[in-house]
Amino acid sequence: MNEQFVILLVEDHLPLAETIGAYLEETGIAVDFAPNGLTALHLAVTNTYDAIVLDIGLPGVNGLEVCRKLRQEAHSATPIIMLTARDQLEDKLAGFDAGADDYLVKPFAMPELEARLLAIIRRRRSSAFQDHYEIGDLILDAARFTVTRAGRSIRLSGKQFDLLHLLMRESPNLVSRESVERVL
Ligand code: CA
């Protein structure tokens with residue numbers, strides 16, 4: 001059984017949605033369902049999901065637009081796996097361009113979807129929880145290689161970044177000269 005993950009499944013092909021939903025629920029993943037892009041956007045901004053499985057070919061607002069809106073307008077960082085029936089390179093590139101984390105071509109095996117889902121959820125969690133440090137208004141995101149102070153980004157050299165990363169990671173403890181020299 002997987003821990004209490006909740007995902008949003010966006011798929012207009014109902015038999016496939018049922019198959020995916022039944023499989024994932026069997027593995028312990030809770031599944032919310034949206035049959036179109038507008039419902040998906042509504043659910044994704046009102047609820048918190050560990051990941052979104054998003055079909056590209058949807059009536060109305062398609063999956064690429066849903067993904068782009070979530071990233072650019074809702075500033076959502078929820079991991080997204082795109083699904084498409086068309087094995088086309090353009091779809092895949094457009095998906096990543098729109099902000100998708102991974103991509104599956106139909107038909108796919110259910111264990112493959114489960115494995116990819118768990119991988120992107122864990123990747124996001126580890127980067128969110130282990131590589132993100134906040135002290136006062138200073139924020140360092142090691143996964144994205146960014147530092148901001150009071151919301152304004154600060155440019156640092158690689159070594160400066162590594163040194164700040166070390167100091168923030170160890171804070172409020174003292175850092176030995178040896179540890180600092182190892183970074184520099
Ligand atoms: Ca579809």
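This is a predicted model: local features need pLDDT of at least 70, side-chain atom pairs count only at pLDDT 80 or more; totals for chains, interfaces and linings use all residues.
D55 is buried, at a relative accessible area of 3%. The protein chain has 184 residues, of which 41% are buried, and the chain is divided into domain 1 (5-128) and domain 2 (132-183).

- D12 sits in the loop between β1 (6-10) and α1 (14-26), while D55 belongs to strand β3 (residues 51-55), so the pair ties together parts that are 43 residues apart in sequence.
- D12 has a relative accessible area of 32% and is therefore partly exposed, whereas D55, at 3%, is buried.

**Overall layout**

- The secondary structure of the protein chain consists of seven helices and nine strands.
- The C-alpha trace of the protein chain spans about 60 × 35 × 30 Å along its principal axes.
- Taken over C-alpha atoms, the centres of domain 1 and domain 2 are separated by 33 Å.
- Among the contacts in the protein chain with a separation of 6 or more, 53% are between residues 24 or more positions apart.

- β1 pairs with strand β2 (residues 30-34) in the parallel sense, over five bridges.
- Opposite L8 stands D32 in β2.
- From β1 the chain crosses through α1 to β2, and this β-α-β crossover is right-handed.

**The four-strand sheet**

- An open sheet of four strands, with antiparallel pairing, has the order β6-β7-β8-β9.
- Its edge strands are β6 (132-135) and β9 (152-153), each of which pairs on one side only.
- Within this sheet, β7 and β8 run antiparallel and are joined by four bridges.
- L140 has V147, in β8, as its bridge partner.

**Aromatic pair**

- The count of aromatic pairs comes to one.
- The ring centres of F145 and F161 are 4.1 Å apart and the ring planes are at 15°; planes under 30 degrees apart count as stacked, so this pair is stacked.
- F145 is in the loop between β7 (138-141) and β8 (146-149), and F161 is in helix α6 (residues 158-170), so the pair ties together parts that are 16 residues apart in sequence.
- F161 is buried, with a relative accessible area of 3%.

**Cis peptide bonds**

- K106 and P107 are joined by a cis peptide bond, with omega about -5°.
- P107 is located in the loop between β5 (102-105) and α5 (110-130).
- S171 and P172 are also joined by a cis peptide bond, with omega about 5°.
- The location of P172 is the loop between α6 and α7 (177-183).

**Positive phi at non-glycine residues**

- H75 is not a glycine, yet has a positive phi of about 50°.
- The loop between α3 (63-72) and β4 (80-84) holds H75.
- At a relative accessible area of 65%, H75 is over the 50% limit and is therefore exposed.
- A150 is likewise not a glycine and has a positive phi of about 50°.
- A150 is placed in the loop between β8 and β9, which are neighbours in the order β6-β7-β8-β9.
- The relative accessible area of A150 is 55%, so this residue is exposed as well.

How values were computed. Residues are numbered from 1 along each chain as its sequence is written. Side-chain values use heavy atoms; hydrogens and water are left out. Helices (H or I, at least four residues) and strands (E, at least two) are DSSP runs, numbered from the N terminus. Buried means under 20% relative accessible area, exposed over 50%, partly exposed in between (1.4 Å probe, protein chains only). Two strands pair if DSSP finds at least two bridges between them. A crossover is right-handed if, with the strands pointing away from the viewer, the path from the first strand over the helix to the second runs clockwise. Rings of Phe, Tyr and Trp (its six-membered ring) pair if their centres lie within 6.5 Å; planes under 30 degrees apart count as stacked, over 60 as edge-to-face and the rest as tilted. Domain bounds come from an automatic or database domain assignment. Contact means heavy atoms within 4.5 Å.
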